[in-house]
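Please consult the sequence and the model alongside the text.

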Amino acid sequence: MIKRNQAFVVIMSILTCGIYTYYWIYVTTRDIEFCIEKPDGSCNSPGLAVLFSLLTCGIYQYYWWFKEGKRVAQIHNERGLPPSDNSVVYLLLCFFGLSIVSMVLLQTDMNTIIDRPKMPPAAGDTAMSGNNEKDGFNY
């Protein structure tokens, strides 16, 4: 997972007439899936996200913006960052043709996540540590 410059994302999307956007969707989906601790059952395959976007002529992207916004908010919560559920903002901006602004906002949220490493499990949290002292077995 690497930190991406928001201006670079915008410039590359414009220079490549939107082709870079599909690459960005791919790597962003991959990065979010890498960061999330509790999978939510959504489409976590970056290749499928790009394929569905292409097959539906961009309609799938409305769902993608909303769902990935929810997943980024979940990661913020898991890492102890201030709550930032911008999923509706991403969706509305995309709906009004301003998906490039959504890209900047989502990339900013992703950069914030990258700056904040995963928190170690709490001392009494056996689910994260893999040691269940209740029954004496180490799972």
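Helices are DSSP runs of H or I with at least four residues, strands are runs of E with at least two, and both are numbered from the N terminus. Just after α3, cysteine 57 takes a positive phi of about 55°. The model is a predicted one, in which local features need pLDDT of at least 70 and side-chain atom pairs count only at pLDDT 80 or more, while totals for chains, interfaces and linings use all residues. Residues are numbered from 1 along each chain as its sequence is written, and side-chain values use heavy atoms, with hydrogens and water left out.

Two packed helices are described by the angle between their axes and the distance between the axes. Here an axis is a line fitted to C-alpha atoms, for helices over the stretch in contact, and angles run from 0 to 180 degrees between N-to-C directions. Helix α3 (residues 46–55) and helix α4 (residues 59–78) have axes that come within 6 Å and cross at roughly 140°. The two helices are therefore oblique to each other, given that angles under 35 degrees count as roughly parallel, over 145 as roughly antiparallel, 65 to 115 as roughly perpendicular and the rest as oblique.

In this contact (heavy atoms within 4.5 Å), Ala49, Phe52 and Ser53 of α3 meet Tyr60, Gln61 and Trp64 of α4. Which residues of α3 are buried? They are Pro46, Ala49, Val50 and Ser53; buried means under 20% relative accessible area, exposed over 50%, and partly exposed in between, with a 1.4 Å probe and protein chains only. Seen down the axis of α3, these buried residues fall within an arc of 95°, so they line one face of the helix; the arc is that of the directions from the helix axis to the C-beta atoms. Their cover includes α2 (19–35) and α4.

A salt bridge is a side-chain nitrogen of Lys or Arg within 4 Å of a carboxyl oxygen of Asp or Glu, and by this rule the count comes to 6. One of them joins aspartate 115 to lysine 3, with the closest N and O atoms 3.0 Å apart. Aspartate 115 lies in helix α6 (residues 99–115) and lysine 3 in the segment before α1 (6–15), so the pair ties together parts that are 112 residues apart in sequence. Another salt bridge pairs aspartate 31 with arginine 30 at 3.6 Å between the closest N and O atoms. Aspartate 31 is buried at 3% relative accessibility, whereas arginine 30 is partly exposed at 38%. Arg4, Arg30 and Asp31 are linked in a network of salt bridges.
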